[in-house]
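Here are my notes on the model you sent over. Have it open beside you as you read.

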Amino acid sequence: MSATVLDPAVGPADRTPIPAARSIRGYTAAVARQRADAGMMTLLGDVYYSVIMVGIGVLIALGALQQLPVVDPPGGPVGLSLDALARPVLMVAAGAVVSLAGRLGPVGVGGAEAQWWLSLPVDRRGLLTPSARRVPVVAALAGALVAGVLDAALAGSASRALRVGIGVGLAAALLVGSAALVQSWRGSRVVAQGGDALMVLGAVSAVAVLALGWQPSGAVDVPWWVSGVLVVLLGAVGALVTTRLDRIPARSLRDSGAVAAQATGALVSFDSRELGRALTDRIARQERRRSRRMRTVRGPLSALVTSDLLVLVRSPRHLVQLAATALVPVLVVSAPALAGSVQVALAVLFAGGVAMAATTEGARRAELTPGLDRLLPLSANGLRRARLVVPAIVMTVWNLAAFGAVGVWYGSVPLWLALGVLAGPAWAGAALRSAFRPAPRWDLAVVATPAGAVPMGAAAVIARGPDAVVVGLLPAVIAILVGAPLPVLLLAQVVTSAIVLAWGSSTETRSLFERLTDSEAGR
Amino acid sequence: MPRPAPVLSANRLEVGWVGRPVCGPATFTLRAGRAIALVGPNGSGKSTLLRAVLGLLEPLGGTVKVLGSPVDERTATFRAHVSAVLDDDAWFPALTVAEHLYLTARGHGVAGAGDEVDELLDEFGLTGHAEVLPNALSSGQRRRLLLAAGLVRPRSLLVLDEPEQRLDSAMRRHVADRLVAEKQAGGAVLIATHDAELLASVADSAVIVGDETRVVRVDEAVDALRPGAL
């Protein structure tokens, strides 16, 4: 700005010095506090409740992890040690932290702050400091908790778990702080891309570790002196970030804030796909696509199948999700310390659940904005059945990898592959049931549990999809637990797959209980 | 009489998304006490140009300067001199209409914020809504609040993106009068608009934004706003 320009030309002539950023924040917060019904006691109550919830969760996780049996199967373990696996897993976790930090800013402001604060000529550093501290603190707490619990469960030493938890927490905070520093220079996109690259590198190194049979000399540990170094580095990075906060452009702050708001909304409504969109759509480079002529489309059915396929192949995130989840059962059966039948079954179920969500992006979008569906001359049931095709094909291929690994582990591949093929459609039915789900109903009853109050309306939405997985994959899970894909289980799998296909493609919106009571009432 | 120094100067300013320009490069100069209107059909790049002028979008090429310096919205001086009302519609959920205006006025160091806010609330027909939360306002009333916020603070350059949107005809005329007064007080005004009346009454020249972005006379721009002209 030119040195000759002093005061703005138009507007009130009587002016005071520009206020401090702290007073702007204070004014906004004070008014919000005044209008909110929540007092200090409510806040303390919420904090107490959260701590209790986290504590119960940690204890349940620890108990469950320590109860899992480790039984060598007939085929014998391949021999991947937990210490060898820990390094790639840590790399993936670090990548996830950096990637998430890049997507959420890490420094950002909400829409109101962007509009009403960022246009003020006050020192932006003062406005942004709380926002800049929030994400590193959350990362530190989450990192410390997860690392501490896992270490306690696997190593069984409380003092070691404390040391590792604190070290990993500090490292997570340092990663996020460094991401903020990069954001002030190069923007958020490069941070997110760096995190993604680190995650891919972690996955590749996991495959390499598996293929080469690499064994490290010792377990991953974070000595106290490393934590000390991390504290010093964290202080330095924190100070540097504070001095550079005013160099972050408003557009970057605004974009990050919008992502955080969308992601929060998705979390509150338990919509994992919306969460995925929030974390990828805005950060993704807007690309022009070459329009296809759709020559394969011969009718409404093939139009829907083609559109679902296009959505999938044009979404690298979902392809990576499929590949990465297919790797999970492979790694679990390869690590003797993890490979028990229960763990393998859980790995297949959880990884499959995440994978199936990637296959129904087209259906989920259609549920939100059914524009294409309404244009096509198909019945509601016909539309649902058409949407089953892509998930069924993709999940069958996914099952070949997952059940192939289980087959190698148990030493008999062909029958396990057959079970995988038969179970593929069950995933598709469950995926579709999960895709076409209503918004959570918060007006329904709340059930008190030892872990706190559970709103039934929301719980019903979360369970929609996983409930079909439980039913549809039951024979496959039993086969993994007993260690053999018995003919009766193969037959049962055909039946449960058919049931879940019908269940998932049903357009009935009432629950079974509601339908029964309605039929009794003659409605 | 010497011509006033340029408040805003764009030289072959090229804007767009994903490296692709949305319109031809723009070259124009806006001086104190003058107004320039950007006109063009939907999607021609008017709002994108405004965002580049405000530093909210990195230009693809060319230069844009405000008060002789390259645009950098990160500097407090830029924010002190440039007031903008775009189509953004975000509010603090707990702050009333009046409190949003107080926050803006005090944040810009306006000494008599109370009187200024009262005056603008009255001017924009919001006095009866001063104590309500913005979410309770109609779409047009929220637009009035945004315009009031753009005017409650000191400025050298006023940038408005289609200020006529969502306003009734009486308020449109009032906004036109307000912008004429803005020029007379020595301010510079840059607006994007589809309103021929606003264009004719406020602008001193116009920029038709399109494949070949060019500066034209106001009457030529008014003709261009007729249906089918662009």
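1. The classes are Ala, Val, Leu, Ile, Met, Phe, Trp, Tyr, Cys and Pro as nonpolar, Asp, Glu, Lys and Arg as charged, and the others, Gly among them, as polar.

2. Some housekeeping. This is a predicted model, where local features need pLDDT of at least 70 and side-chain atom pairs count only at pLDDT 80 or more, while totals for chains, interfaces and linings use all residues. Residues are numbered from 1 along each chain as its sequence is written, chains are lettered from A and ligands numbered from 1 in the order in which they are written, and side-chain values use heavy atoms, with hydrogens and water left out.

3. How many cavities of 30 Å³ or more does the structure hold? Two. A cavity here is a set of points, on a 1 Å grid over the protein atoms alone, where a 1.4 Å probe fits but cannot get out; lining residues have an atom within 4 Å of a point. Points are joined across faces, edges and corners, and a volume is the space filled by probe spheres set on them.

4. The largest cavity comes to about 480 Å³. Of its 25 lining residues, A:Ala114, A:Gln115, A:Ser119, A:Arg254 and B:Ala84 are the closest to the centre. Elements supplying at least two lining residues each include α4 (111-116) and α9 (250-268) of chain A, and α5 (139-151) of chain B. β8(B) gives the most, with four residues. By class, this lining has 13 nonpolar, six polar and six charged residues. Helices (H or I, at least four residues) and strands (E, at least two) are DSSP runs, numbered from the N terminus.

5. On to the interface: 51 residues of chain B touch 44 of chain A, with contact meaning heavy atoms within 4.5 Å. The two chains bury about 4000 Å² between them, 61% of it on carbon and sulfur atoms; that is accessible area (1.4 Å probe) lost on being put together, summed over both. On the chain B side, B:Arg74, B:Arg79 and B:Phe92 lose the most area, together 16% of what that side buries.

6. Four salt bridges cross this interface, by the rule of a Lys or Arg side-chain nitrogen within 4 Å of an Asp or Glu carboxyl oxygen. A:Arg124 forms a salt bridge with B:Glu73, their closest N and O atoms being 2.6 Å apart.

7. Two backbone spots to look at. A cis peptide bond joins A:Gly105 and A:Pro106, with omega about 0 degrees; A:Pro106 sits in the loop between α3 (82-103) and α4 of chain A. B:Leu67, a residue other than glycine, has a positive phi near 50 degrees, and lies in the loop between β6 (61-66) and β7 (69-70) of chain B.

Technical notes. On a 1 Å grid over the protein atoms alone, a cavity is a set of points where a 1.4 Å probe fits but cannot get out, and a pocket is an open set with protein on both sides within 12 Å along at least five of seven lines; lining residues have an atom within 4 Å of a point.
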